[in-house]
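Dear colleague,

Please find below the structure I am handing over for your work. My notes on it follow.

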Amino acid sequence: MTNPPPPGNWTDPTWSAQPSSAAPDPTLVAGQPVPAQPGPADPYAPADPYAGAQPAGQPMPGYVAPGYAQPGYPPQYPGYGYPPPQKTNGMAIAALVLALVGIASCITAPVGAILGHVAQKQIRLSGEGGAGMAKAAIIVGWILTGLLVLLIAFYAAAIIYAITTGVDSDSSSY
């Protein structure tokens, strides 16, 4: 279906059914042919197992002799980048674990606190990391030890009170 021609001598350039010029060739860019794009590799094509082999006596690609920098990258200057991570004192870790386990089993809390003191001394002498863990072990360990001592004192006082007042379970009246 086409539109009728415009009335009179006036011609509409968009009306003409014939193009004013030939369509450009999509394979040409600025008059030069476009290079073909590489297609996907055929997974079933036979491969040469010796395609990447180097002749004898030549190093493999990517090989860097010991003591030499990777080609293309300048050597890193000292003082730049992140420092290596600091080694954490093992006794500080053990002290914190024992102090926290003391919440469930009250006997390990004082051991964790004492190990925390030993770990703090080791950290001061060696410069290792873990000072925060050692301090936390000391705090948690001694607090739990104090609570344990208060609990034992309360039970002892309750037992002494029961013995001295002579509470007898057989003499209760209904």
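Which residue takes a positive phi just after H2? Gly-127 does, with a phi of about 80°.

The model is predicted, so local features need pLDDT of at least 70 and side-chain atom pairs pLDDT 80 or more, while totals for chains, interfaces and linings use all residues. Residues are numbered from 1 along each chain as its sequence is written, and side-chain values use heavy atoms, without hydrogens and water.

Helices are DSSP runs of H or I with at least four residues, and strands are runs of E with at least two, numbered from the N terminus. Helix H1 (residues 90-101) packs with helix H2 (residues 108-126) at an angle of about 160°, their axes 7 Å apart; axes are lines fitted to C-alpha atoms over the stretch in contact, and angles run from 0 to 180 degrees between N-to-C directions. H1 is therefore roughly antiparallel to H2 (an angle over 145 degrees).

Contact means heavy atoms within 4.5 Å. Among the residues making the contact are Met-91 and Leu-98 of H1 and Leu-115 and Ile-123 of H2.

The buried residues of H2 (under 20% relative accessible area) include Pro-110, Gly-116 and Ile-123. H1 and helix H3 (131-165) are among what covers the buried residues of H2.

Gln-86 lies in the loop between strand S2 (32-33) and H1. Gln-86 is exposed, at 53% relative accessible area (exposed is over 50%). Gln-86 and Gly-129 are 43 residues apart in sequence, yet 5.8 Å apart in space, C-alpha to C-alpha.

Kind regards

Notes:
Parallel < 35°, antiparallel > 145°, perpendicular 65-115°, else oblique. Buried < 20%, exposed > 50% of the residue type's maximum accessible area, 1.4 Å probe, protein only.
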